[in-house]
Amino acid sequence: MPIAETKQFTKFQQQTCSNGYSLQYTEEEKQPGSLTCQSHTAGLPESIIAAACSRSGQRVLHVDSRSYYGGNWASFSFSGLLSWLKEYQENSDVVTENSSWQEQILENEEAILLSSKDKTIQHVEVFCYASQDLHKDVEEAGALQKNHASVTAVHSIEPAEPACLPTADESLSTQSCETPADHTQNSDPESSLEVNDAEAAGEKENHSDDKPSEEETSENVPKVQDNTEPPKKNRITYSQIIKEGRRFNVDLVSKLLYSRGLLIDLLIKSNVSRYAEFKNVTRILAFREGIVEQVPCSRADVFNSKRLTMVEKRMLMKFLTFCMEYEEHPDEYKAYEETTFSEYLKTQKLTPNLQYFVLHSIAMTPETTSSTVDGLKATKTFLRCLGRYGNTPFLFPLYGQGELPQCFCRMCAVFGGIYCLRHSVQCLVVDKESRKCKAMIDQFGQRIISKHFVIEDSYLSENTCSRVQYRQISRAVLITDGSVLKTDSDQQISILTVPAEEPGNFAVRVIELCSSTMTCMKGTYLVHLTCMSSKTAREDLEQVVQKLFTPYTEMEAENEHVEKPRILWALYFNMRDSSDISRDCYNDLPSNVYVCSGPDSGLGNDNAVKQAETLFQQICPNEDFCPAPPNPEDIVLDGDSSQQEASESSVVAEANSETPKESTDLGNPEEPSE
């Protein structure tokens, strides 16, 4: 988001520096109360709070030491991801200390140091299985000139990759499966899917049309081409991935949106939905006895399923109908409140096949720790979300999860918020008498005063978090050449839950994205694996990866009948989960400093929305949370000619009868996004 959008703050002047932005203030602005809220890190909860405060008329300054929006909620192109990996490694090796803040601390004040090192990401491992035919002159298509924020993808992979990476025996075809260069956004997700399918079909027709003309020229030529063309389609080299790097949008955190969840309701209520587009998840899968199969969810899917017998269909529909109304029939489950949901399902006359589907693909709850009430509640939530936007309960934002924080940042900027990336904060200044935070000191030694401070947990120092016990999330990101369940359409968005096999381990959630989600290049799939950590990410997830995929090798590239999709590139890392940390766990935290957590391991975003709304009500107790912006016709500009404008508007209203129609039309484009 361009900082030029914040031009309403005329007293704030931005001076570009070599490593970020320096804020300059007049003497009037340095007085207490010049800012209402300061936010550090542009994660999803912080972005929602900043948007809500700015919308309610508060003056907001949003700073982040990173060079991108979203924090650990961000999405990266492939080259951006490689740059992020290199930056992570450099930050873990080098820690810079700056003591210029000490000169700004007065006698009646004390400082709370902030962390200059990001410790939320650990155990990063990168593997490349695609053919290593990378040349020095291979660059990302459409990339801008290199600057401080962008690092060449060719060089950035070298520190991150293990020394045992496979090398290509020979240079393979570098022809890439390109998608259209100019993307025209469509407010209807289904229509955008049809466009992608039509393009794929058109390309197939073009290839088929080329063959007869070649056959007319020579009878031997088609035989040679038939032998060489299939490997070209299957072989995707590392050069292609680098060249098409801007086609990728890789999320650091993998989540979906429930169609009736809190985030969707907030997007609609605040009208932020107009800044983003979504696609419906097309299928829900199950992995049982080594086989991936599709799970029937809706009534139509249940009765059309060929895997279920007539008796099973009736059993399943009867149980799902009860789950929708379980609160009205407490006698049906009250005796099982202390047991697990898995044990409760065994008492409901469901076959083992149906029990597996309900537990792992509909309720998606842990088999050993989820209670009966938790399972029934999760099943009801799943069923309530069916049919609102499609055949499954879930939506996925085009271009990745990282679009959502940016949407709320845009709303904040539209209403006057100021954004400064690559601008770090050294410490918070606390008044000794009131024990409230009164200012922050940035990297240039400047003192910035505010009433409220919103900060992400990762910015707090070890002294502040000495009593905090963090959990970890294990993450894996794979680029593959095929889907885990092949169908007639290659544009499928799938979610799959693989249950834990050993005690102490956790179920693994798999989300597979196709190229129509604008997160990967054509001919590939982007696969996200997530679970709660018990070991390192690779140790937690590698077993599931081996069950569903196989590494890409030159020998298998020649074989068209490989059952499992092949891995072209893989990334493993652990991410900190601070979602359940109580405020009391932090040491000596001032009352006007509000801590937001990073991403949690859950599938939805409800935790982030609840957290943002709770903190906003503490900052602005009498304000509405993210109300819809006013219509352009309702905005009244300050001026001396108010009476003249009123008279002119009345004349226009009488002379032009089409004005009401125009205001109606302005609201129409927002309806499809709901």
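How many bridges pair S10 and strand S13, and in which sense? There are three, and the sense is antiparallel. I start there, but first a caution: what you see is a predicted model.

Let me stay with that sheet for a moment. S13 covers residues 394–397.

For a parallel case, look at strand S4, residues 60–64, which pairs with S14 over four bridges. Asp64 is the residue opposite Leu421 of S14. S14 itself runs over residues 418–421.

Now the chain as a whole. The protein chain has 674 residues, and buried residues make up 50% of them. Its secondary structure comes to 18 helices and 25 strands. Take the contacts between residues at least 6 apart in sequence: 76% of these join residues at least 24 apart.

Next, a helix. H9 spans residues 310–324, which is 15 residues. From first C-alpha to last it reaches 22 Å, close to the 21 Å expected at 1.5 Å a residue. The buried residues of H9 are Glu312, Lys313, Leu316, Met317, Phe319, Leu320, Phe322 and Cys323. What covers them? The cover includes helix H8 (299–304), helix H10 (341–346), helix H11 (352–362) and helix H12 (372–384).

Between H10 and H11 there is a loop, and Lys349 is in it. Is Lys349 buried or exposed? Its relative accessible area is 72%, so Lys349 counts as exposed. Lys349 and Leu316 are 33 residues apart in sequence, and their C-alpha atoms are 9.7 Å apart in space.

On to the nonpolar cores. In soluble globular proteins, nonpolar side chains tend to be buried together. The largest nonpolar core here has 72 residues, and those touching the most other members are Phe78, Phe319, Phe341, Leu376, Phe394 and Trp569. Leaving out residues up to four places away in sequence, Leu376 touches Phe319, Phe322, Cys323, Tyr326, Tyr333, Phe341 and Tyr344. Apart from that core lies another, of 44 residues, including Cys409, Ala608, Leu615 and Cys620.

Last, the aromatic rings. The count comes to 16 aromatic pairs. One of them is Phe127 with Tyr129, a stacked pair at 6.4 Å centre to centre and 20° between the planes. Why does Phe127 count as buried? Because its relative accessibility is 7%, and the limit for buried is under 20%. Tyr129, at 22% relative accessible area, is partly exposed. Elsewhere, ring pairs link Tyr68, Phe76, Trp84 and Phe573 into a cluster.

Two arginines also meet rings. Arg410 lies over the face of Tyr275, 5.2 Å from the ring centre. The charged end of Arg576 sits over the ring of Tyr470, 4.1 Å from its centre.

How values were computed:
Residues are numbered from 1 along each chain as its sequence is written. This is a predicted model: local features need pLDDT of at least 70, side-chain atom pairs count only at pLDDT 80 or more; totals for chains, interfaces and linings use all residues. Side-chain values use heavy atoms; hydrogens and water are left out. Two strands pair if DSSP finds at least two bridges between them. Helices (H or I, at least four residues) and strands (E, at least two) are DSSP runs, numbered from the N terminus. Rings of Phe, Tyr and Trp (its six-membered ring) pair if their centres lie within 6.5 Å; planes under 30 degrees apart count as stacked, over 60 as edge-to-face and the rest as tilted. Buried means under 20% relative accessible area, exposed over 50%, partly exposed in between (1.4 Å probe, protein chains only). A charge sits over a ring if NZ of Lys or CZ of Arg is within 6 Å of the ring centre and within 35 degrees of the ring normal. A nonpolar core is a set of buried Ala, Val, Leu, Ile, Met, Phe, Trp, Tyr and Cys residues joined through side-chain atoms within 4.5 Å. Contact means heavy atoms within 4.5 Å. The expected span of a helix is 1.5 Å times one less than its number of residues.
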